[in-house]
Amino acid sequence: MVQGLPSPPPGETTYRGYERTQTGHSPTQSGTEDRELTHVGPGTPCGEYLRRFWHPVTLSSQLNDLPLAIRILGENLVTFRDLAGNVGVLHRQCSHRRTSLEYGVIAEHGIRCCYHGWLYDVDGTILETPGEPEDSPIRHSLCHGAYPAREYKGIVFAYMGPPELKPEFPIYDTFELPDDEMIPYLLDMPCNWLQVTENPMDPFHSVFLHTRISRAHFDVSWGAMPIVEWHQMPDKTGIYLTSARRWNDYVWIRTNELAVPNFTQPPDIFQNPDRDKFFTRVGNSKWHLPVDDTNTQIIGWRHFNDTIDLAGKGRRDAVGVGSYDAVGRVKRTYEEQQRVPGDYEAQVGQDTIAVHKLEHLGKTDTGVAMLRQLLRRAIRNVKKGVEPPKPLKNTDGYIPTMAGDVIINVPQTNRTDEEVRSDLGRRIGAIVLDSMPLAHGERQAEIERRVRNEILA
Ligand code: FES
Ligand SMILES: [Fe+2]
């Protein structure tokens with residue numbers, strides 16, 4: 001261990017580092033990616049693990065009268081809505097002589113290949129092989145590759161794993177909130193899925209990238225350094241963190257989580273810690289979809305309702321395919337990228353596939369290290385035949401989540417503020433966790449009651 005430095009992050013035995021005498025010409029400054037965590041194609045360990053989950057594959061608004069070529073987990077696919085209204089997610093190459101079904105014709109039931117007219121239903125059943133003799137056995141002897149698809153609130157999802165292991169479609173508690181408008185969006189990130197997915201486990205980037213480095217992307221209060229703790233979810237489905245900031249007389253406790261492999265939902269990015277708030281929920285629910293090893297799509301919903309974004313900074317009309325209502329989420333001109341870098345630049349800038357061997361993780365990267373450990377264990381488990389754990393449900397029947405903000409008036413005292421915030425982060429995090437089984441309205445009332453009685457009283 002290096003003298004004078006705190007203990008290394010979890011999963012690391014030491015701070016890896018270049019010697020102080022090292023020069024730019026050193027041969028050690030190269031390396032390859034961690035294939036176990038970053039390669040997603042069929043047959044790869046990570047790819048097989050990722051195929052145990054439902055993933056968003058496109059927005060409903062992208063399905064029109066023409067088929068849509070998509071690429072998911074390194075597989076070339078085609079998706080479409082047939083004239084009967086059913087959505088198909090099929091292998092892109094025709095089973096006959098492999099021309100692309102993106103040039104096919106959408107039919108009443110399924111899609112017809114342009115080359116010789118074979119007709120495929122949305123489940124891959126071959127309905128017609130029109131050039132073949134009437135009694136040809138071909139269509140009865142094979143089935144075209146197809147994945148179960150489901151549309152939900154403007155997003156098309158698919159399950160690409162073994163049919164017998166198909167999990168229930170996950171509906172999280174934040175998807176069914178009253179008076180909440182959810183607008184689907186899709187953003188391209190030309191880099192590996194893991195570096196995009198690690199980002200929410202690194203709340204310190206909000207202090208620097210989003211506030212202090214160029215200008216405040218959301219609100220200046222994001223520039224206050226938080227006290228952060230990371231924990232494994234009790235049902236082992238991911239990691240949640242608490243971050244505790246001080247802003248004037250308020251302490252702002254944010255809880256956030258990452259449901260492995262790739263679902264996360266930051267609470268309100270335009271949060272302003274200027275009054276008491278008791279668990280206002282999320283501004284964004286999203287998946288980081290691995291397109292292939294070097295491309296990712298962020299697909300999810302922006303939430304709009306009366307409990308978040310009280311200053312009205314969000315813009316519904318700016319959210320959609322390739323667009324988002326916060327700076328630095330999509331590719332801009334090179335000069336704009338350099339002058340006001342955002343999440344896109346920081347994450348894509350880590351390389352097409354970030355090389356972990358060349359990093360130097362510190363204490364603030366504890367969540368990133370925990371996530372890698374959790375994923376590695378899960379990937380190895382699937383390889384051994386141990387399937388990922390199933391999430392718990394609340395009394396509404398939804399999967400409860402941790403993400404939200406609790407903001408309370410706690411003026412500074414003689415106690416060191418780090419101690420105060422650390423204590424509040426831990427206690428409020430525990431209250432948010434304890435209340436997970438409750439239905440939405442009851443949970444917020446319970447969090448407010450306990451925070452008032454146990455902390456503010
Ligand atoms: S290649 Fe598709 S029907 Fe022949
Ligand atoms: Fe960010």
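1. In this predicted model, R302 lies over the face of F304, at 4.5 Å from the ring centre. A further arrangement of this kind involves R245, whose charged end sits over the ring of W252, 5.4 Å from its centre.

2. A pair of aromatic rings is described by the distance of the centres and the angle of the planes. The structure holds 21 aromatic pairs. One of them joins W54 and F169: the ring centres are 5.5 Å apart and the planes stand at 80°, so the pair is edge-to-face. Because W54 belongs to strand β1 (residues 54-59) and F169 to the loop between β11 (155-159) and β12 (181-189), this pair ties together parts that are 115 residues apart in sequence. Both W54 and F169 are buried.

3. F175 and W301 also form an edge-to-face aromatic pair, with 4.9 Å centre to centre and 65° between the planes. F175 is placed in the loop between β11 and β12, while W301 is part of strand β19 (residues 295-304), so the contact links parts 126 residues apart in sequence. F175 has a relative accessible area of 1% and is therefore buried, the cut-off being under 20%. W301, at 0% relative accessibility, likewise counts as buried.

4. What does Y49 touch, not counting residues up to four places away in sequence? The contacts of Y49 are V260, P261, L375, A378, I379, V382 and P388. Two of these contacts, V260 and P261, are joined by a peptide bond that is cis, with omega near 10°. P261 is found in the loop between β15 (250-259) and β16 (263-264).

5. The backbone has further points to check. Most residues other than glycine have a negative phi, and most peptide bonds are trans. L73, although not a glycine, has a positive phi of about 50°. This residue is placed in the loop between β2 and β3, and at 0% relative accessibility L73 counts as buried.

6. D351 is another residue other than glycine with a positive phi, here near 115°. Its location is the loop between α7 (343-348) and α8. Is D351 buried or partly exposed? With a relative accessible area of 41%, D351 is partly exposed.

7. A final point concerns one of the sheets. Strands of a sheet pair through backbone hydrogen bonds, either parallel or antiparallel. Four strands form an open sheet in the order β2-β3-β4-β9, with antiparallel pairing. Its edge strands, β2 (68-72) and β9 (146-147), each pair on one side only. Within the sheet, β3 (residues 75-81) and β4 (residues 87-91) pair in the antiparallel sense over five bridges. L77 has H91, in β4, as its bridge partner.

Definitions and conventions
Residues are numbered from 1 along each chain as its sequence is written. Chains are lettered from A and ligands numbered from 1 in the order in which they are written. This is a predicted model: local features need pLDDT of at least 70, side-chain atom pairs count only at pLDDT 80 or more; totals for chains, interfaces and linings use all residues. Side-chain values use heavy atoms; hydrogens and water are left out. Two strands pair if DSSP finds at least two bridges between them. Helices (H or I, at least four residues) and strands (E, at least two) are DSSP runs, numbered from the N terminus. Rings of Phe, Tyr and Trp (its six-membered ring) pair if their centres lie within 6.5 Å; planes under 30 degrees apart count as stacked, over 60 as edge-to-face and the rest as tilted. Buried means under 20% relative accessible area, exposed over 50%, partly exposed in between (1.4 Å probe, protein chains only). A charge sits over a ring if NZ of Lys or CZ of Arg is within 6 Å of the ring centre and within 35 degrees of the ring normal. Contact means heavy atoms within 4.5 Å.
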